[in-house]
Amino acid sequence: MTAVGLSAGCQSRSDRPDRSEAPAPTPSVSPTGRYQAGITLPQPAQRSLLAVVADLADGVSVRRLLAELGEAIRALTTGTDARLMGLEPGDLTVTVGVGPRLVRRVDPALPGAEELPRFSRERIAPRARGGDLLIQICAGDALVVPAVAAALLERAGDRIRERWRQSGSRGANVPVERGVSAPRNLFGFVDGIVGPHTKAEQQRHLWLAGPAPVAGGTLAVLRRMELDLPRFARLSVAEQEAVFGRRRATGVPLSGGTIASGPDLGAKTPDGRYLVPADAHARRAHSAVVGVGLMLRRSYSFDQPAPGLLFISFQNDIRTFTNTLTRMDASDALLPYTTTTASATFLILPGFDAQHPLGSRLFR
């Protein structure tokens with residue numbers, strides 16, 4: 001990096017690179033519309049993320065705060081906010097959700113009013129469990145993310161109190177099927193292959209259809225997990241693949257097919273053993289086995305304070321997540337290599353525009 005910089009600094013005028021060879025600008029992602037950006041768009045997801053979880057101070061007008069955040073998001077994503085300090089927003093997205101406490105204040109029967117239960121293999125400090133507000137910031141340019149976070153937190157001021165934050169990045173994308181790709185995680189396996197990828201699947205499993213105040217929203221689960229990389233790395237490749245139920249190099253199920261193929265959970269070896277082991281993650285978390293819908297994953301890896309994964313899933317029924325993890329808790333070969341250190345769930349608000357401020361349909 002230093003050598004490149006010195007070389008560039010010593011170029012003569014005649015050696016300057018041709019400006020016509022500069023990369024094309026990254027396409028922007030509209031912050032407004034029926035759904036918030038940063039969930040299904042863009043595809044593939046951006047390389048860098050920062051998730052900020054906060055509480056609201058007493059007496060704060062939720063409606064006013066959300067409306068102001070929506071205005072700031074529009075200015076930041078269009079590049080008209082001076083606090084970007086000349087950085088191009090590119091594919092910047094900001095996704096906002098509200099926690100169960102705020103949803104219950106509107107209506108305890110609404111989706112998103114339910115807290116997550118406690119599970120095994122958790123080591124969560126009180127401030128790292130739950131929260132009133134989620135601000136998820138994603139961008140292809142890693143420099144944009146902290147600048148946007150600073151601008152939004154300044155706009156919120158002392159109306160919010162930060163609980164915890166986690167930044168992360170995604171590895172190189174692996175093609176799954178046409179128009180769909182997924183990154184590798186720190187264990188080396190392709191992460192997030194299965195999900196509601198088509199519009200029909202997303203309508204069925206991802207987006208909330210009602211009641212009216214939440215229609216067009218979805219439910220998010222965030223779980224920050226530390227990964228025991230040294231212990232997992234001591235396994236042979238075959239043992240690692242048995243943990244996941246897929247080939248490490250290709251993502252193909254151990255039962256065969258393609259990376260996009262669902263695992264054949266009934267397939268056996270000639271001596272009667274399941275090709276996808278009984279405790280493999282691909283079997284224990286399979287939606288048909290659990291009896292729930294599909295979840296859309298937008299997970300990010302990190303290395304501070306220890307190697308880990310910020311698991312983020314979006315679904316229109318919280319049982320999609322809770323029932324899956326309950327079944328995994330019983331016997332999933334992957335879980336012993338993870339420890340959850342933060343956990344929260346949020347109602348991701350429906351989309352917004354100039355006529356309908358962020359959160360205005362829920363907080364009237």
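UniProt, in an unreviewed entry, lists residues 183-351 as "domain: Dyp-type peroxidase C-terminal". Its positions follow the numbering used here, feature names are shortened, and annotations may be inferred rather than shown by experiment. The end C-alpha atoms of this span lie 27 Å apart. Helices (H or I, at least four residues) and strands (E, at least two) are DSSP runs, numbered from the N terminus.

This is a predicted model: local features need pLDDT of at least 70, side-chain atom pairs count only at pLDDT 80 or more, and totals for chains, interfaces and linings use all residues. Residues are numbered from 1 along each chain as its sequence is written, and side-chain values use heavy atoms, without hydrogens and water.

Now the pockets. A pocket is an open set of points on a 1 Å grid over the protein atoms alone, where a 1.4 Å probe fits, with protein on both sides within 12 Å along at least five of seven lines; lining residues have an atom within 4 Å of a point. Grid points are joined across faces, edges and corners, and a volume is the space filled by probe spheres set on the points.

The largest pocket has a volume of about 1000 Å³. Its lining holds 47 residues. Gly192, Val194, His281, Ala285 and Arg297 lie nearest the centre. α10 gives the largest share of this lining, five residues.

The second largest pocket holds about 640 Å³ of space. It is lined by 40 residues, with Ile39, Thr40, Leu41, Gln43 and Gln202 closest to its centre. Here β6 supplies the largest share, four residues.
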